[in-house]
Amino acid sequence: MTLPATPIRGEGQIVVTGGAGFLGTNVAQALARRGDDVLIFDNLSRLHVRENVSWLQQHDGNRISMRVADVRDEEAVSEAIRGARAVIHLAAQVAVTTSVDDPITDFEVNARGTLNVLEAVRRYAPNAPLLFASTNKVYGKLLPVEALERDGLRYVPRKPQHTSGFDESTPLSLYSPYGCSKGSADQYVIDYSRIYGVKTAVFRMSCLYGPHQFGNEDQGWVAHFVISALRGEPISIYGDGYQVRDILEVGDAVRAYLLALDQIDAISGSVFNLGGGPENTLSLRELLRAIEKMEGRAPEVSFHDWRPGDQPWYVSDTRALTGATGWQAQVNVDAGLRRLRDWLIASAVVQQTKREAVA
């Protein structure tokens, strides 16, 4: 993974909210290894994140410190961000299914939590860049199944204008409580740049995967499929499995964040779609086939009804990000999947989750 050569200039730490999570761990590591001091702000509520923190402290503890707190705690957020050099806001409630079950908590974490972060930056670190992890779910369901046709193990759009993916001009269509809460946060981040002059950039992310991802049925589907296959456990598919996403290896996502951080003066106020793009797409059935080739056996699969807000076909058009920063995805699907599999085996995640299932 090629990183910018020097850290951003200035005093203070770079605060990474949700820094013990999948993307946060990889971002924090990359920042520390190029010479930045990092403060991880995380409530440690998700499974396995404590293992990520231990790993970071073992490998880069001289540059990484930890604050265990919640973005819903306005005072704790303000204390952490006061005097920060930059903020990367990744903390979130990340599952559509959880948002449907508990929309109030989803709103409090995603929308109000983001507003707490924005206010802390505006009041206590006004020169600090703020990068925000949004989601492609702000675009809604987009193409219905009727607008698609089957091509082998995947759907493809009937109209060719969609083949390059959806760009940032795609109208917002907030679907599901998760889509609404993240969409609200997304728009607040943009508006704080317009109204208050905070230097912000928004990434509307597609499916990320890679090391330090402990995927489950509700979030992180690529890692969830691979973990389940390695454990010999059945996989549940919601929908028909022909739905398509562009997927992005986490190292490529980290490069995008660091490039944006270092070029914030030029891109402040911008929104970028971040994903693998048309060159790195995968249907659920194609991932099952890839796993079968890697493992020599097909996973056991069951099919269930579509879930609220599921997108039958979504691919990111990332040309705006490339034009603004020079970023391009570098890791192809085959290499990325093997890298994820190797990490899962080497880190004993599969054995750990087996023991937890028994317990």
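**Rings, cores and confidence**

Q: What lies over the face of Tyr-124, and at what distance from the ring centre?
A: In this predicted model, Arg-82 lies over the face of Tyr-124, at 4.2 Å from the ring centre.

Q: And which residue lies over the face of Tyr-242?
A: That one is Arg-285, placed at 4.1 Å from the centre of the Tyr-242 ring.

Q: OK, what about rings with rings, how many aromatic pairs does the structure hold?
A: The structure holds nine aromatic pairs, and one of them joins Phe-214 and Trp-343 in an edge-to-face arrangement, with 5.8 Å from centre to centre and 65 degrees between the planes.

Q: Where do Phe-214 and Trp-343 lie, and what does the pair tie together?
A: Phe-214 lies in the loop between β9 (207-209) and α7 (221-231), while Trp-343 belongs to helix α12 (residues 333-346), so the pair ties together parts that are 129 residues apart in sequence.

Q: Are Phe-214 and Trp-343 buried or exposed?
A: Phe-214 is buried, and Trp-343 is buried as well.

Q: Which residues form an aromatic cluster?
A: Tyr-139, Phe-166, Trp-313 and Tyr-314 form one aromatic cluster.

Q: Switching topic, how many residues does the largest nonpolar core have?
A: The largest nonpolar core has 42 residues, and those with the most contacts inside it include Leu-23, Phe-203 and Leu-274. Helix α8 (residues 250-262) gives the most to this core, contributing nine residues.

Q: What does Phe-203 touch?
A: Leaving out residues up to four places away in sequence, Phe-203 touches several residues, among them Phe-132, Ala-256, Tyr-257, Phe-272 and Leu-321.

Q: What lies apart from that core?
A: Another core of 28 residues lies apart from it, with Val-15, Ala-76, Val-121 and Ile-190 among its members.

Q: Now the whole protein: how many helices and strands does it have, and how compact is it?
A: The protein has 13 helices and 15 strands. Its radius of gyration is 19 Å, close to the 21 Å that the globule rule gives for 359 residues, so the protein is as compact as a globular protein of that length. Of those 359 residues, 57% count as buried.

Q: What pLDDT does the protein average, and where does it stay under 50?
A: The protein averages a pLDDT of 92, and 94% of the residues score at least 70. However, pLDDT stays under 50 over residues 1-6, for which the model has 15 contacts beyond four places in sequence. Over residues 354-359 the pLDDT is also below 50, and that stretch has four contacts in the model beyond near neighbours in sequence.

How values were computed. Residues are numbered from 1 along each chain as its sequence is written. This is a predicted model: local features need pLDDT of at least 70, side-chain atom pairs count only at pLDDT 80 or more; totals for chains, interfaces and linings use all residues. Side-chain values use heavy atoms; hydrogens and water are left out. Rings of Phe, Tyr and Trp (its six-membered ring) pair if their centres lie within 6.5 Å; planes under 30 degrees apart count as stacked, over 60 as edge-to-face and the rest as tilted. Helices (H or I, at least four residues) and strands (E, at least two) are DSSP runs, numbered from the N terminus. Buried means under 20% relative accessible area, exposed over 50%, partly exposed in between (1.4 Å probe, protein chains only). A charge sits over a ring if NZ of Lys or CZ of Arg is within 6 Å of the ring centre and within 35 degrees of the ring normal. A nonpolar core is a set of buried Ala, Val, Leu, Ile, Met, Phe, Trp, Tyr and Cys residues joined through side-chain atoms within 4.5 Å. Contact means heavy atoms within 4.5 Å. pLDDT is the predictor's confidence in each residue, from 0 to 100. The radius of gyration is taken over C-alpha atoms; the globule rule is 2.2 Å times the number of residues to the power 0.38.
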